[in-house]
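Hi,

Here is the structure I promised to pass on to you. Please have it open while you read, as my notes follow below.

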Amino acid sequence: VQLQAYGGGLVQAGGSLRLSCASSRSIRSSNTMAWYRQAPGKQRDLVALITTGGNTNYADSVKGRFTISIDNAKNTVYLQMNSLEPEDTAVYYCNADYWGRNFWGHGTQVTVSS
């Protein structure tokens with residue numbers, strides 16, 4: 001399984017970005033799709049997760065600001081990020097659980113300036 005993530009960039013605080021992650025396999029075959037992030041010197045943390053049934057889970061720090069969604073026709077998972085804060089600056093990674101195995105995309109940098 002290959003995951004291609006894109007959509008990062010530089011944005012001012014209060015702005016928005018949308019990350020996309022295209023999977024080489026049907027998302028319907030996955031158990032979960034998720035976004036993680038890793039800031040310099042910190043561990044990689046879960047940001048948002050969605051099951052194939054549509055259930056979602058968010059880190060407390062992004063609740064109400066970020067939305068994860070899936071387009072099954074495009075085999076793509078999105079992360080809409082609104083009201084961005086400098087603390088959201090990190091490398092964001094797409095993750096997929098297929099058949100109990102974890103797959104990772106390359107990271108995409110998100111930088112929020114104050």
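What follows is a short tour of the strands and of the cysteine link.

One thing to keep in mind from the start is that this is a predicted model.

If you want a place to look, find Ala-22, which has Thr-76 of strand 8 opposite.

Next comes strand 4, which covers residues 30-38 and pairs with strand 9 (residues 90-98) in the antiparallel sense, over 8 bridges. Here Trp-35 stands opposite Cys-94 of strand 9. Strand 4 also pairs with strand 5 (residues 45-51), again in the antiparallel sense, this time over 6 bridges. Along that pairing, Tyr-36 has Leu-46 in strand 5 as its bridge partner. Strand 4 and strand 5 form a hairpin with 6 residues between the strands, and in this hairpin Gly-41 takes a positive phi near 75°.

How many disulfides does a search of the whole structure find? The search finds 1. The link is between Cys-21 and Cys-94, with 2.1 Å between their sulfur atoms. The angle about the S-S bond is -85°, and the link of Cys-21 and Cys-94 is left-handed. Because Cys-21 lies in strand 3 and Cys-94 in strand 9, the pair ties together parts that are 73 residues apart in sequence.

Are these two cysteines buried or exposed? Buried means under 20% relative accessible area. Cys-21 has a relative accessibility of 0%, so this residue counts as buried. Cys-94 also has a relative accessible area of 0% and is therefore buried. So Cys-94 brings two of these notes together, because this residue of strand 9 is tied to Cys-21 in strand 3 and stands opposite Trp-35.

I hope this helps you find your way around.

Best wishes

Technical notes. Residues numbered from 1 in each chain as written. Predicted model: local features only at pLDDT ≥ 70, side-chain atom pairs only at ≥ 80, totals over all residues. Heavy atoms only, no water. Pairing = 2+ DSSP bridges. Helix = DSSP H or I, 4+ residues; strand = E, 2+ residues; numbered from the N terminus. Disulfide = S-S within 2.5 Å. Buried < 20%, exposed > 50% of the residue type's maximum accessible area, 1.4 Å probe, protein only.
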